[in-house]
Amino acid sequence: MSKTISKNIPATTKTNGVHKMVSTKRLEVLKTYKIYIGGKFPRTESGRYYIAEDNAGNNLANMCLSSRKDFREAVIAARSAFGDWSAKAANNRGQILYRIAEMLEGRRAQFKEELIKQNLSAAEAENEVNLSVDRLIYYAGWCDKFQQVFSSVNPVASSHFNFSTPEPTGVVSVIAPQNSSLLGLVSVIAPVIAGGNTCVVLASFAKPLCAVTFAEVLNSSDVPGGVVNILTGKVAELLPYFADHMDVNAIVYCENNVADKTLIKEKSALNLKRVVLYDKQNWDAQSPYFIMDNQEIKTTWHPIENIGGSKGSY
Amino acid sequence: MAKRDNTLKLKFDSARKFAPAPESRSAAKIKPKYDLFINGKFEKPLSKKYFDSTNPATGEKLSEVADSSAADVDKAVKAARNAFNSWSKLPAAERGKYIFRIARMVQERARELAIVETLDGGKPIRESRDFDVPTAANHFFYYAGWADKLEYAFPNRTAKPLGVAGQIIPWNFPLLMAAWKIAPALATGNTVVLKPAETTPLTAMLLAEIILEADLPPGVVNIITGAGSTGAAIVNHPDVNKIAFTGSTDVGKIIEKAIAGTDKKATLELGGKAANIIFEDAPLDQAVEGIVNGIFFNQGHVCCAGSRLYVQESVLESVLRKLKDRIETLIVGDPLDKNTDVGAINSKQQYDQIMKYIKIGINEGSDMFQSSCTLPSKGLYIPPTIFSNVAQSSRIAQEEIFGPVLTIQSFRTDDEVIEKANNTPYGLSAGVWTDKGSKIFNLTTKLRAGVVWANTFNKFDPTSPFGGYKESGYGREGGLHGLAPYLNLV
Amino acid sequence: MAEKILTLPDFTIPARIDKVGVEERADRFTKRSIKKETKVKGLMLALNMIDLTTLEGKDTEGKVRQMCYKAVHLLDSYPNLPTVAAVCVYPEMVRIAKKAVGDSGVKVASVATAFPSGQSSLKIKLEETRYAVDEGADEIDMVISRGKFLRGEYNYVFDEIAAVKEACGPARLKVILETGELITFDKIRKASDIAMYAGADFIKTSTGKIPAASSIPVTLVMLEAIRDYYYKTGIMIGMKPAGGISKSKVALHYLVMVNEILGEDWMNNKWFRFGASSLANDVLMQLMKEKTGVYQGKDYFTID
């Protein structure tokens, strides 16, 4: 547990079965930061942890140091969630993303507090929470629109009806931005799931608190278990598995570390994972092109019978 | 096999016996030797080496082409880099006009290109004449028109060319693949270094002549010949911004590793093992034709070939019988004969590969049926071959054979066949045959493949995006979606 | 014919034919390049498969006699030419035609059953059929009741064909579907099946009395029906496309198709016919061209 912070708050004593306020120091209930796999909050199977600190070196929390086996379990959860999530009505996905925003809005204070603990000023924290909520709403709106913008009906020369539409690529492993606790995380998760993919996300190592709290937000909104799985841990340790797992279809990476990027590309070649590299973005950006980064284009053909005397004249 | 003896047999011997109707070779002028097309000139290779290009139908030597060394590749890339500046700044409409011009010249020389394609690659003249060459011309024509309209293609983004595109193409559709690669690259303002496959370089060199004749600015398109090492030199060249590759999944993975840590973009169009699914309520005769087009088109040298046939058990017998009778009517032989349906296998290496898989199929205990046609005594030919009683776990049902070999599995229910069809690392194409509309859309949605043909198969069009899911590669070629892989969207 | 118990298909189930696929397949036959000896052989065969036809209100004895003479003497200056397969006339002209073709081997076919519309009672149709057979017809070309068929009265259509077949006695029965009135390939396929199961010896596309006549795709659908019937029963059924085939090149494409769908057993006039009148002269001109190397003019070939 993180270090004990006591505040001068009213405590209670029990008289005749009734709690009564007594002016004394109350021991704060501290939060256990766990990981999020398949809609559940287990601890890492490895039993390992690391201590998240603020800039001043104060301990913030004991975080799970997730292992490759945690990742393996998370991929299984993401894969089994993919079928239903990708088949869900786009409009429904939009409402679920909106619901996440609602839940996040309701927990503004908690996120602000965590962001401040992780070295943001109150104004910055306020701004980051606001942007994160708005970002979710932005992508909620895209869920049933990007397909229209990026589809095409193709006027082939033969007697066929032919159209191309985006489809989710599948299970996406995501190394979340390391410099941002909440906004970066939300900015990479939202377009991935808005497009019907499921994902396994490795949270920022140094600023992990919001990721776990965000998992709680996801869990209390209508996102089915397994659609988003969130691990905390070391990038260097988990990156190879994020990149070479044969049942992962794409990987998103947001840093500018050449060695990491090279490793991702090399390992991804094993099953030709789609590699999506965002060089250290400040995450002021939002666009449907981020959704398209994890989409496949499917083209469908079907013959058109040309029968009848009208010859197209009415 | 025993069953065949009990059935009434239709006789097709005479259906295969036409008087020879060879396309005249005189319309094709093949030079004895082709140099490298670099910077708008035909230049001798710095390597000073040449290799033969032969006719797989006869084994005769057709010509010699240059073997590019890394130094030749460097020269070509430099030429492309130099040309990039002015080409990308040329008014887009003018760029388009050059590409239109190429399209027209391909049409003008269509007959010659078709003959050379057939001589060099072994594909039936009917296919090169009716499919490869016209589709190649149409591809140029289609992308030519995009050049000055890119701002309409990408809402809220500005399209910028990438720079020098290194393009490596396979031997199964040599001219068409060159068109698929060059046309969008030029339309988007990139310059090109293209390498045709070593067994089929000749139509690319004819295309180089056309490009020269079209007066394209020097260096905008460079065409260099060579084998795998030349391709590797293109991939590894530090001044190449984009790799477009069509070929095997193995080589695709090597390329992917090779460009790791660089800023090179890539499009990979790789192998496939497409499921072609026939439901009991399908238009069966058209489905049989779809099976035949799916696997015997171009001798089965097609990455999106419908090589895994799934037939609902209630119609399995009927489909098999129709299919066998249809196969009996296929004319296998001289690719230059206008009546040939199935031509020569492209190379000895590929021939051995296919024969290896046929042996594996026999050893695995599947039932083999081959056309009773007689093969030409000379040249590389394999009769149309089908294996029935194949299991999902048979090697011939899992691995890409790239030849006229079909595996047939039966299935019972919709969900069973969807699962089996998707049970492969590949995801290039798929086919589904049923008369029921809602079932079609269920299947076309659930099949994890980039192109799904419903009640048809192996159809292509310049406006239609093509490319794979999973290990069949990434990026699209053709259509609106074929533009993005050659652009930075800012 | 083999004694066999047939299970009738359920004709209420729609046939499933994809038109675009049919047209693509049909197109392939037209891509065959037929040269030299194959061409000559094919042209001879085509001639021998023709049902030379006159079915007009203004037909007279004189007209029929002249046509019959042509049927037997296609081009006397060309040695070893075959005759056509048959002449096709109205019942009233059967006796005249029969006499005119004599012992040449040319068959006499008669249309019957209220040709071309088929709009009459079964009783009259059967009487007309018997009359034509009595007059000496070797073959009867009946029409199906398209109105009933399109209303879904498949049993009526089936029973009518079966009754006419019985009335034919020894004469072979060709059943005209009038495909131009059935419109879709699904319906053409179904009508083909009904006709064959009801006893047709031949199925035939058209009367020649409406603009939409036979075509390669329509004939392909019917040939595939014949093949499937043969697969199931072992019984061979003949095919006769009629109307609109006037060029030898097209006739050769039809022959390529028959050969590739049904095989060489069908490559004779017992099992395949062309219902055409102007085709014969075009074939003769082509044969002459092959023989002499000179392109021919129509004034050198007799009409009728």
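**Exercise 1. Describe chain A in outline: how many helices and strands does chain A have, and what share of its residues is buried?**

Solution. 
Step 1. Chain A has ten helices and twelve strands in its secondary structure. The model is a predicted one.
Step 2. The C-alpha atoms of chain A occupy a box of roughly 90 × 45 × 35 Å along the principal axes.
Step 3. Buried residues amount to 47% of the 314 residues of chain A.
Step 4. Take the contacts in chain A between residues at least 6 apart in sequence: 74% of them join residues at least 24 apart.

**Exercise 2. Describe the side of chain A that touches chain B: which element gives the largest share?**

Solution. 
Step 1. The contact involves 28 residues of chain A and 34 residues of chain B.
Step 2. Three elements of chain A each supply at least two residues of this side: strand E6 (160-168), helix H9 (258-268) and strand E12 (295-303).
Step 3. E12(A) gives the largest share, with eight residues.
Step 4. Sorted by class, the side of chain A that touches chain B holds eleven nonpolar, eleven polar and six charged residues.

**Exercise 3. Follow strand E12(A): are its residues mostly buried or exposed, and with which strands does E12(A) pair?**

Solution. 
Step 1. E12(A) is mostly covered, and nine of its nine residues are buried.
Step 2. Sort the residues by direction. A:Gln295, A:Ile297, A:Thr299, A:Trp301 and A:Pro303 point one way from the strand, while A:Glu296, A:Lys298, A:Thr300 and A:His302 point the other way. Residues of both sets are buried.
Step 3. Recall that strands of a sheet pair through backbone hydrogen bonds, either parallel or antiparallel.
Step 4. Within chain A, E6(A) and E12(A) run antiparallel and are joined by nine bridges. In this pairing A:Thr165 is opposite A:Lys298 of E12(A).
Step 5. Across to chain B, E12(A) pairs with strand E18 (residues 451-454) in the parallel sense, over three bridges. Two of the partners in E18(B) can be named: B:Val452 for A:Thr300, and B:Trp453 for A:Trp301.

**Exercise 4. Work out the three-stranded open sheet of chain B: what is the strand order, and which strands are at the edges?**

Solution. 
Step 1. The order is E1-E5-E4 (chain B), and the pairing is mixed.
Step 2. Strand E1 (33-34) and strand E4 (50-54) of chain B are the edge strands, since each pairs on one side only.
Step 3. E1(B) pairs with strand E5 (residues 61-66) of chain B in the parallel sense, over two bridges. Here B:Tyr34 is opposite B:Val65 of E5(B).

**Exercise 5. Turn to the contact between chains B and C: which helix of chain B gives the most residues to it?**

Solution. 
Step 1. On each side 25 residues take part: 25 residues of chain B are in contact with 25 residues of chain C.
Step 2. On the side of chain B, helix H10 (residues 284-296) gives the most, with four residues.
Step 3. By class, this side of chain B has nine nonpolar, seven polar and nine charged residues.

**Exercise 6. Describe chain C as a whole: what is its radius of gyration?**

Solution. 
Step 1. Chain C contains twelve helices and eight strands.
Step 2. Its radius of gyration is 19 Å, close to the 19 Å that the globule rule gives for 304 residues, so chain C is as compact as a globular protein of that length.
Step 3. The C-alpha atoms of chain C fill a box of roughly 55 × 45 × 35 Å along the principal axes.
Step 4. Of the 304 residues in chain C, 56% are buried.

**Exercise 7. Examine helix H5 of chain C: which of its residues are buried, and against what do they pack?**

Solution. 
Step 1. H5 (residues 122-135) of chain C has 14 residues and reaches 20 Å from its first C-alpha to its last, close to the 20 Å expected at 1.5 Å a residue.
Step 2. Its buried residues include C:Lys125, C:Glu128, C:Thr129, C:Ala132 and C:Val133.
Step 3. Seen down the axis, the buried residues of H5(C) fall within an arc of 135°, so they line one face of the helix.
Step 4. The buried residues of H5(C) pack against helix H4 (94-101), strand E3 (107-111), strand E4 (139-143) and helix H7 (154-168) of chain C.
Step 5. On the face turned away from the buried side are the exposed residues C:Lys123, C:Ile124 and C:Asp134.
Step 6. After H5(C) comes C:Gly136, with a positive phi near 115°.

Terms used: Residues are numbered from 1 along each chain as its sequence is written. Chains are lettered from A and ligands numbered from 1 in the order in which they are written. This is a predicted model: local features need pLDDT of at least 70, side-chain atom pairs count only at pLDDT 80 or more; totals for chains, interfaces and linings use all residues. The radius of gyration is taken over C-alpha atoms; the globule rule is 2.2 Å times the number of residues to the power 0.38. A residue is buried if 20 or more other C-beta atoms lie within 10 Å of its own, exposed if 12 or fewer, and partly exposed in between; C-beta atoms are placed from the backbone. Two residues are in contact if their C-beta atoms, placed from the backbone, lie within 7 Å. Ala, Val, Leu, Ile, Met, Phe, Trp, Tyr, Cys and Pro count as nonpolar, Asp, Glu, Lys and Arg as charged, and the others, Gly among them, as polar. The expected span of a helix is 1.5 Å times one less than its number of residues. The arc is that of the directions from the helix axis to the C-beta atoms. Two strands pair if DSSP finds at least two bridges between them.
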